[in-house]
Amino acid sequence: MTAVIRLRPARPDATDMDPTNENTGASGTRARLRSEHGRTLRRARRVEEMLRSGGAGRMRAVEHRSLRSFAAFLLGAYERHMSAEESVVFPRLEQEFPELGETLRRLRADHDELRAMSRDLERLLSAAPGERRDERLFVLVMDLVELMRLHFHAEEQAVFGWLGRLRAAPAASKRSRGPRRAPSRRRASH
Ligand SMILES: [Fe+2]
Ligand SMILES: [Fe+2]
């Protein structure tokens, strides 16, 4: 089996994905998300190329097996990636930068569409075999991979830069409180 996104626990680990966590930090979260995008896209591209090179007509058994494995990946590891973004990363950004609200709403809508397409893929793979079903599978996978590509691009462009600012925000607010008043004691002793 090919590489699978490794999110260690069965469900997202909030501490590990928190961009303000002092151990993992914004750059750790950004690197992890980017690396998962890369692995997911490489996998999606292999499926896309396989289907394109297969040409018209009925799919072979090996192609069906690859699609089943891709569907399981989407509903498992990739679902955990999206859940971690929705439950940890997006809320932290939204809390700190309310102006990102509309962007994050669109990214969440992409997630919903990607989830629906992944479930459609799983359903179609279990439907009665035939040329019509294989045509629908082909179109669905092409659309899904294209949406995924656009989504990753939008996410990296719109969100990743803000993760760095998120890390800077708490330090800046601490600094703004200013120094303690110890230096004025000397003057008070006159
Ligand atoms: Fe992502
Ligand atoms: Fe996402």
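Visitor: Which residues of the largest nonpolar core touch the most other members?
Guide: In this predicted model, the largest nonpolar core holds 15 residues. Helices α2, α3 (61-96) and α5 (131-158) are the elements that give two or more residues to this core. The residues touching the most other members are Val47, Leu67, Phe70 and Val141.

Visitor: Which element gives the largest share of this core?
Guide: Three elements, α2, α3 and α5, each contribute two or more residues. The largest share amounts to 6 residues, and its source is α3.

Visitor: With which residues is Val47 in contact, leaving aside neighbours within four places in sequence?
Guide: Val47 is among the buried residues of α2, as are Ala44 and Leu51. Once neighbours within four places in sequence are set aside, the contacts of Val47 are Ser66, Leu67, Phe70 and Val141.

Visitor: How many residues does helix α2 have, and what distance does α2 reach from its first C-alpha to its last?
Guide: Helix α2 covers residues 25-54, which amounts to 30 residues. At 1.5 Å a residue, the expected value is 44 Å. The distance from first to last C-alpha is close to that expectation, at 44 Å.

Visitor: How many Å apart in space are Ala116 and Leu144?
Guide: In sequence, Ala116 and Leu144 are separated by 28 residues. In space, their C-alpha to C-alpha distance is 9.8 Å.

Notes: Residues numbered from 1 in each chain as written. Chains lettered and ligands numbered in written order. Predicted model: local features only at pLDDT ≥ 70, side-chain atom pairs only at ≥ 80, totals over all residues. Helix = DSSP H or I, 4+ residues; strand = E, 2+ residues; numbered from the N terminus. Expected span 1.5 Å × (residues − 1). Buried ≥ 20, exposed ≤ 12 C-beta atoms within 10 Å, placed from the backbone. Core = buried A, V, L, I, M, F, W, Y, C linked by C-beta atoms within 7 Å. Contact = placed C-beta atoms within 7 Å.
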